[in-house]
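Here is a brief report on the structure shown below.

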There are 2 protein chains.
Amino acid sequence: MDEQLKRRLELIYQAMKDHLFEGMIPFWCRRAMDREYGGYMTNFDESGNPKDMPVKNTWSQARYCWFFSHLCRTFAPRDEWAGLARAGVDFLIQRCWDQDYGGWYCRLRRDGTVLLDKKIVYDQCFTIYALAEYYLAFDDKRALQYASDTFDLLQKYCADTLSGGYYEYLERDWRVSPPGAACGDMKSLDSHMHLMEAFTPLFQASGREIHRRKLLEILDLIVVHMIDPEFGCGWNQFNPQFRPTPVFRKPVTLYPHEENRDHPDQSLHYTSYGHNVELAWLMRRALKVAKEDTGKYRKILRGLFDHAVSFGVDGQYGGLYRFGLHSGEILVTEKEFWQHTETLTGFLDGYEEFEDARYIDAFINIWEFSDTYLINHDVGEWRHFLDRRGQVVNGNLGQPGKVAYHTGRAMIECTRRLERLLDLKPTGADSGSS
Amino acid sequence: MDEQLKRRLELIYQAMKDHLFEGMIPFWCRRAMDREYGGYMTNFDESGNPKDMPVKNTWSQARYCWFFSHLCRTFAPRDEWAGLARAGVDFLIQRCWDQDYGGWYCRLRRDGTVLLDKKIVYDQCFTIYALAEYYLAFDDKRALQYASDTFDLLQKYCADTLSGGYYEYLERDWRVSPPGAACGDMKSLDSHMHLMEAFTPLFQASGREIHRRKLLEILDLIVVHMIDPEFGCGWNQFNPQFRPTPVFRKPVTLYPHEENRDHPDQSLHYTSYGHNVELAWLMRRALKVAKEDTGKYRKILRGLFDHAVSFGVDGQYGGLYRFGLHSGEILVTEKEFWQHTETLTGFLDGYEEFEDARYIDAFINIWEFSDTYLINHDVGEWRHFLDRRGQVVNGNLGQPGKVAYHTGRAMIECTRRLERLLDLKPTGADSGSS
């Protein structure tokens, strides 16, 4: 590595560490706890002031809980983080767990009463992710038991023994929801990726063979069914037999803008560059935890990174586009926070695997755009949504689902990788996965 | 129906009833109980005298237990049958259940100590089948709980969330067995059919949606992957992704005989006429219990019946061949008891669905051959194995796996169907499935 690049990466490393410890962690520690009703506050405006919060999403409460647990697992634990993690576990177990049918309700009012009692796999993923992480940080067997019970419920009620994979939308009593609007007939890369993500710390926590086996089955399922072999990028949604179906939830252009457009051919598939790169590094992490070599998966990983680096990175204004066609045409040029955080981690991860200089360039590009436009340095967190040029479209620092999971994780994952790359002394413990 | 056919069927009906109540039931009631070690005796010679019995197979203990439970559920219960059913449930729970890992050991010594502690899906099928039937007969919640727990273990440890269906050979701790000789990489029509068969009374017993859903998933899995769309018959064995593989366990010709031969092309698939027709009637029964119309499955059912009636029935000597090629060529002409009992039920079932006179002719042919050669009327049970002409090759009335399940069930299922066909007064209660 030449000295100039090394120096550049060292500066980014320092900026990320500062942002994590001086911006982000204080930001969330000050705001997270809902002292009135338990659990966490999630909605903050452009200045970081709390907004109305009619809903607590289980997946977002769990992401929060994961973050504070992960801080304690990674760095010298602090009482404040531990207390915040504990508040999340308590809220999840006391309020979100269905005592009658098992599993986690998907949506509650701020006061913890149930607003929507469906069982959505996405929520079950993140509670497993949080509770396994909490166990790994604090050795709390109750948390591991709930995570493990959730895993068992997924196997019994959500797994599809006809076509493989998991049904994603179920009723409170675990009947599969109707097809169509209720999504009972939908399978997605999103939920399956997050199942893979969740089973990774679950296996670390339990060491149980069945958790490892299901982790690898889902990883292989994604490889077999969910990645376009022609272009290397991911499909988003599928029918139960894994035939790709165009994305359901139009418009993908959330904030109409001159450069954004829907393709006139509605049968074409949009792919998300950010999601694809997130998938690649989560897949590589899952393989590491399962002690499986990347060998036979390298072509898949390569395809995911290459498609995003070739088409997703904005060479003119910087940052990462949201959606485009598999064949390369860009369709949605807006810049959203989470695709940036995930590709920061992901392109460093890709560089570790393949030593391809384009990935480091992409990392620097995306960091510079994020540092300049996405991060609100005055307050310490990331804005939600910008237009292509970096103008703020939605500057809120906490949307209902935007907590410290994407942003905080990226700073931790990136600094860990930069420490390895630059031969720096690690700041925290290696969690065995990053 | 013409008077001659009606008269013929009435005679068969009476012969079957007599055989059941005067031959078979007394035969098994006198011999079944192992008064020394609990559970059941399974090995009897040509005269019905007990033979050495080094092994108790869990699946065969369970089949026995199913039979006595089914008698009580179907006819006016007798203390003797109930006591025999109870002896099986007690032996299963006390001896065959793995207290540490859950599930059923597959093989024990006669004294009930464990001989082989692997977890084989085939055994799990028949314990579910027996315990659900026992619950239906006696309302014993303990039996339903064990059946239901076994179902849960199958979902967690045996279901393949990558390709669908179930792994069939697992170690004691539910790791999938190695590939090759240990069969960890094998899936079969046999085990999947018996899972479908087992989930049928399980759903009747529990009324639970998940039991119905998994019943229908496995039924559809068989339709999608396990039936040859070109010829209508079943494939036997598959790799985990359901690519049909030629049968593993050669030779299929158990007793070499002039008319039997292996086909020189080892890549060709043998199909079992008896198994295919058993599949058809079990499928039709599953649909009935699930309250699903046969409508969209009629083509599959028709294919299974037609292939067997076209190629499997021996027009010269009577009875049913064992194996042939999908394209119709007969390869193994031996006559084995269970293919005859299952096709007796099956061809009557096919006649109920399609009113095809060939199926009634096949039923009569197979009964006449069975009545003349297979049934040992002096003692009351069926011989195991004959050559094509009906000469006894193995006249034992109880092989390790041959208990009253195939033979007893056929007499009950056939008399029930003949009562409907001939407008006769039912002898016993309709179990809601036959």
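## Interface

Contact joins 28 residues of chain A to 28 residues of chain B, where contact means heavy atoms within 4.5 Å. The two chains bury about 2,200 Å² between them, 49% of it on carbon and sulfur atoms. Buried area is the accessible area (1.4 Å probe) that two parts lose on being put together, summed over both. On the chain A side, A:Lys156, A:Thr161 and A:Leu162 lose the most area to chain B, together 34% of what that side buries.

Two salt bridges cross the interface; the rule asks for a side-chain nitrogen of Lys or Arg within 4 Å of a carboxyl oxygen of Asp or Glu. A:Lys156 pairs with B:Asp152 in a salt bridge, at 2.9 Å from N to O.

## Basis

This is a predicted model: local features need pLDDT of at least 70, side-chain atom pairs count only at pLDDT 80 or more, and totals for chains, interfaces and linings use all residues. Residues are numbered from 1 along each chain as its sequence is written, chains are lettered from A and ligands numbered from 1 in the order in which they are written, and side-chain values use heavy atoms, with hydrogens and water left out.

## Symmetry

Chain A superposes on chain B by a rotation of 180 degrees with 0.0 Å of shift along the axis (RMSD 0.0 Å). That is the relation of a two-fold axis. In chain A, A:Gly164 comes closest to the axis, at 2.1 Å (C-alpha). Of the interface residues of chain A, 100% are also interface residues in chain B, so the copies meet through the same surface.

## Core

The largest nonpolar core has 273 residues, and B:Phe347 is among those with the most contacts inside it. Such a core is a set of buried Ala, Val, Leu, Ile, Met, Phe, Trp, Tyr and Cys residues joined through side-chain atoms within 4.5 Å. Leaving aside neighbours within four places in sequence, B:Phe347 is in contact with residues including B:Phe305, B:Ala308 and B:Val309.

Terms used
Least-squares fit on C-alpha atoms with pLDDT ≥ 70 in both. Buried < 20%, exposed > 50% of the residue type's maximum accessible area, 1.4 Å probe, protein only.
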